[in-house]
Amino acid sequence: MDYQLDDFQQELAQQAARIGREKIRPVAAEYDVAGEFPWDIVKVFADSGFYGLWVDEEYGGVGRGVMDLVLVTEELSKYCGGIALAVAASALGSFPIVISGSPEQKEKYLPALAAGEALAAFGLTEPTAGSDAGSIQTRAEKKGDKYVLNGTKVFITNGGVAKIYTIIANTDPGKGSRGASAFIVEEGTPGFSYGKVEDKMGIRASATRELIFEDCEIPEENRIGREGEGFAVAMKTLDKSRPGVAAQALGIAAGALDLATEYASQREQFGQSIIRFQAIQFMLADMATEVEAARAMLYATARMVDSGAKHIAKESAMCKVKASDVAMKVTTDAVQIFGGYGYMRDYPVEKFMRDAKITQIYEGTNQIQRMVVARSLIKEIQRAS
Ligand code: COS
């Protein structure tokens with residue numbers, strides 16, 4: 001399909017595809033086994049300008065947007081969904097500053113983030129607050145011109161490798177989601193340390209770690225927005241970042257489809273390549289159709305986000321649900337087409353299935369996304385009546 005990409009986007013997608021083929025494909029399995037963060041490839045991403053895509057020119061970026069982030073994430077994820085996440089997770093961690101940061105905060109933090117000299121991470125989830133983001137326990141207590149943070153964040157993507165953390169904490173515990181505030185915390189701040197490194201099923205080249213705050217003092221000027229606005233900052237961030245997860249899912253699905261098509265055309269049974277059998281053809285046809293449907297929905301959503309549209313929660317959630325469910329189905333079918341070989345780690349396709357699974361879970365489970373969609377439908381009907 002022709003998605004009418006502009007010249008910059010076409011070149012960007014080609015550049016990301018080249019990096020995927022040349023730099024990621026040869027090492028994806030090694031990083032997966034080792035569960036190591038790919039610093040050498042992050043350097044390539046930084047040199048390619050990927051971290052500046054979503055940052056305005058006045059703060060050192062190129063002032064593009066979510067659509068460009070989506071294109072890069074999709075292409076890189078065709079080769080490794082875990083390594084690709086080093087870009088999308090930094091976008092997630094930067095978005096609170098991009099969306100709601102003060103000019104001073106943008107000036108202080110965005111240039112290093114745009115250059116890829118520093119990575120960002122977003123800290124919302126806690127041991128007892130995942131889907132129910134309004135019930136976070138991490139406390140930020142105001143003391144003079146400082147806040148004192150106490151609490152633990154878990155499953156933080158880019159945890160331990162990022163230098164800049166955007167953290168949602170409670171400034172007014174009695175008020176639930178209206179008592180949350182957002183903060184910027186720099187690596188090395190006294191009282192801020194890293195905890196458990198997670199050993200994951202998939203996206204193993206991505207760093208996932210606990211963040212621990214013990215009497216961690218943050219200057220007041222590091223609060224993003226006003227006190228009590230933290231939940232809205234988090235929700236707006238997720239509205240903008242979920243297309244990135246959809247792009248990761250789409251890339252994983254498209255990569256698995258390519259592998260399955262290639263394998264089916266080479267593998268011979270009953271005296272011919274298995275792609276000659278209608279059973280396999282129909283599977284591949286359905287996989288390709290679903291991948292294209294997810295792509296069309298994702299690109300339309302990304303463009304909607306970049307247009308500055310006010311209500312994007314529904315579409316953002318929809319494209320994440322669609323692409324991640326497609327990724328799970330397509331990667332499972334790809335393993336099926338590979339048969340016994342697909343189940344073995346000697347072949348690359350089982351990794352795609354493992355990597356796909358997380359896209360149905362993080363940045364809001366697909367059950368939460370459906371809740372967001374349904375709530376938007378209710379609001380729309382109320383607005384219309
Ligand atoms: N943009 C701006 N504000 C939003 C918003 C959005 N997309 N969604 C909700 N809000 C506001 C609401 O308007 C409401 O404001 P008021 O208190 O002024 O009325 C406030 O936030 C609370 O909203 P709501 O009552 O809908 O909150 P709930 O506690 O019911 O939770 C869900 C809503 C489930 C959608 C939210 O908790 C969520 O997204 N959870 C998943 C979190 C997640 O993705 N976790 C993964 C880890 S982060 S990588």
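Phe 155 lies in strand 3, residues 146-157; strands (E, at least two residues) and helices (H or I, at least four) are DSSP runs, numbered from the N terminus. The model is predicted, so local features need pLDDT of at least 70 and side-chain atom pairs count only at pLDDT 80 or more, while totals for chains, interfaces and linings use all residues. Residues are numbered from 1 along each chain as its sequence is written, and side-chain values use heavy atoms, with hydrogens and water left out.

Phe 155 has a relative accessibility of 53% and therefore counts as exposed. The classes are buried (under 20% relative accessible area), exposed (over 50%) and partly exposed in between, with a 1.4 Å probe and protein chains only. From Phe 155 to Ser 206 the separation is 51 residues in sequence and 11 Å in space, C-alpha to C-alpha.

Ala 89, in helix 5 (residues 81-100), is buried at a relative accessible area of 3%. Ala 89 and Lys 23 are 66 residues apart in sequence, and their C-alpha atoms are 19 Å apart. Two cysteines are also buried: Cys 80 at 2% relative accessibility and Cys 216 at 0%. The count of disulfides (cysteine sulfur atoms within 2.5 Å) is zero.

Salt bridges (a side-chain nitrogen of Lys or Arg within 4 Å of a carboxyl oxygen of Asp or Glu) number 23. One of them pairs Asp 6 with Arg 64, with the closest N and O atoms 2.7 Å apart. Asp 6 is in the segment before helix 1 (7-24) and Arg 64 is in the loop between helix 3 (39-47) and helix 4 (66-77), so the bridge ties together parts 58 residues apart in sequence. Asp 6 is partly exposed at 32%, as is Arg 64 at 30%.

Another salt bridge joins Glu 220 to Lys 142, at 3.3 Å between the closest N and O atoms. Glu 220 sits in the loop between strand 7 (208-219) and strand 8 (223-224), and Lys 142 in strand 2 (residues 139-143), so this pair connects parts 78 residues apart in sequence. Glu 220 also meets Arg 223 in a salt bridge, at 3.9 Å from N to O. Elsewhere, salt bridges with shared partners link Asp 32, Arg 345, Glu 350 and Arg 354 into one network.

Asp 56, Glu 57, Glu 58, Glu 104 and Glu 107 form a negative patch. Glu 107 belongs to helix 6 (residues 103-115) and is exposed at 55%. A positive patch gathers Lys 310, Arg 375, Lys 379 and Arg 383, with Arg 383 in helix 12 (residues 366-384).

Key:
Patch = residues over 30% accessible without salt bridge, like charges linked within 9 Å, V, L, I, M, F, W, Y side chains within 5 Å. Areas by Shrake-Rupley, 256 points an atom, 1.4 Å probe, with all protein chains shown as cover. Lys, Arg positive; Asp, Glu negative; His and termini not counted. Charge placed at Lys NZ, Arg CZ, Asp CG, Glu CD.
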